[in-house]
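Please look over the points below alongside the structure. They concern a few individual residues and their surroundings.

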Amino acid sequence: MWDAVWLNAHLATMAPESGGDDGYHAIRDGAVGVKDGRIAWVGRRSELSGPPEDLARAAFDCGGRWITPGLIDCHTHIVHGGDRANEFALRLKGASYEEIARAGGGILSTVTATRAADARSLLQSASRRLEPLRREGVTTIEIKSGYGLDLDTEVRMLQVATRLGEETGIRVSRSFLGAHALPPEYKGDADGYLDLVCRQVMPQMASEGLADAVDAFGEKIAFSPEQVSRVFGAARELGLPVRLHADQLSDQGGGGLAAAYDALSADHLEYTTERSVEAMAEAGTVAVLLPGAFYFLGEVKRPPIDLFRRHAVQMAIATDCNPGSAPVTSLLLMLNMACTLFRLTPEEALTGVTRNAAAALGLEEECGRLAPGLSADFALWDIAVPAELSYRIGFNPCAGVVRAGQAV
Ligand SMILES: [Zn+2]
């Protein structure tokens, strides 16, 4: 006997094993059985083995709506202090990078604000940003540290990320991003800072179970391939998987570097070359595309979508929610931008926030598809066809969100 069955719904299962000839692997007039927070059965309503009241303690009529897997935002910096609205305004008035830095802008202003914020205020501001994502059907979110750049604040950020999950019921995957920028007290001493990251902070994160993965920012303005390798080597010794901010502003061979460490994902990838794409395909590293940052920074070089297709690299999409380059709290808007700016198809876009986003977090056997055995995470939508999710701008057709079988 199931706990509940959801009836009279069309299912975008996103699960190749359920067949279907479109990218949504859709089942028209389907049903989903749920038991103990997990999906027990998915199929056509006509194939149920008996009347709903004999199969489940509760039956929900979805009124012909669509059900998709709960959406997954697989790259965010949603926990941080302050914002950068002033810097945004200054830049639009023509201020130079230096003037902005002198006025206290840039990434280090977020570091200062985050160090000054206590856990309670970090939790409050992150909750406010998470709420619009949840209302759009997000049931899993990745959250990075990286605005503390010291032991106490990095730990506090990931403790807050953990709390956020416990308080909202949303699944949270945490990445330690100590190698995000060089803190002011280590100016000119990147190797000294990486000593702190690799010998002290990362081991503590691992021993307290605060990090599910380790991330780094590989770029001319951040950390070199050699420095990233050092961070990834330390992560490997601690048994933590890695991901990389790669090739966003220049080709650093970041996609290939990530692949060499069997990274779960390489993210941004605007300047990634075919050689890196081949290495990613070989390693099964997911390409996470961040069209919100591309848009907000007014970038013109698009990530090599055709190469990802040709080499069958899985593509995911995320908000990159952060105060500097992507103050974004709408994953549906990212679906639209992935289609309009990067020319993904709506099928690819939805796959990018479900099945492939789960793979980017190493959670492909836990969420991202409507399939038996997976967590009962799904969203109900007032739409006629799934392409509407990518098509509309500023419209939220989400009619309900279920996480582990419970409405959230
Ligand atoms: Zn990022």
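1. The side chains of His 77 and His 245 are joined by a polar contact of 3.4 Å. The model is predicted, and this distance is computed from its atoms.

2. His 77 sits in the loop that runs between strand S6 (71-73) and helix H2 (85-92). Its relative accessibility is 2%, and because buried means under 20%, His 77 counts as buried.

3. What surrounds His 77, apart from its neighbours within four places in sequence? Besides His 245, His 77 is in contact with Lys 144, Tyr 147, Leu 177, His 180, Asp 320, Cys 321 and Asn 322.

4. Thr 354 belongs to the loop between helix H14 (346-352) and helix H15 (355-360). At 0% relative accessibility, Thr 354 is likewise classed as buried.

5. Which residues does Thr 354 contact, once its neighbours within four places in sequence are set aside? They are Met 14, Pro 69, Gly 70, Leu 71, Ile 72 and Gly 368. For Ile 72, the C-alpha atom is separated from that of Thr 354 by 5.7 Å, although the two residues are 282 residues apart along the chain.

6. Is Leu 297 buried, exposed or partly exposed? Leu 297 has 35% relative accessibility and so counts as partly exposed, since that class falls between the 20% and 50% limits.

Definitions and conventions: Residues are numbered from 1 along each chain as its sequence is written. This is a predicted model: local features need pLDDT of at least 70, side-chain atom pairs count only at pLDDT 80 or more; totals for chains, interfaces and linings use all residues. Side-chain values use heavy atoms; hydrogens and water are left out. Buried means under 20% relative accessible area, exposed over 50%, partly exposed in between (1.4 Å probe, protein chains only). Helices (H or I, at least four residues) and strands (E, at least two) are DSSP runs, numbered from the N terminus. A polar contact is a pair of N or O atoms within 3.5 Å; within protein, one must be able to donate a hydrogen and the other to accept it, and residues adjacent in sequence count only if both atoms are side-chain atoms. Contact means heavy atoms within 4.5 Å.
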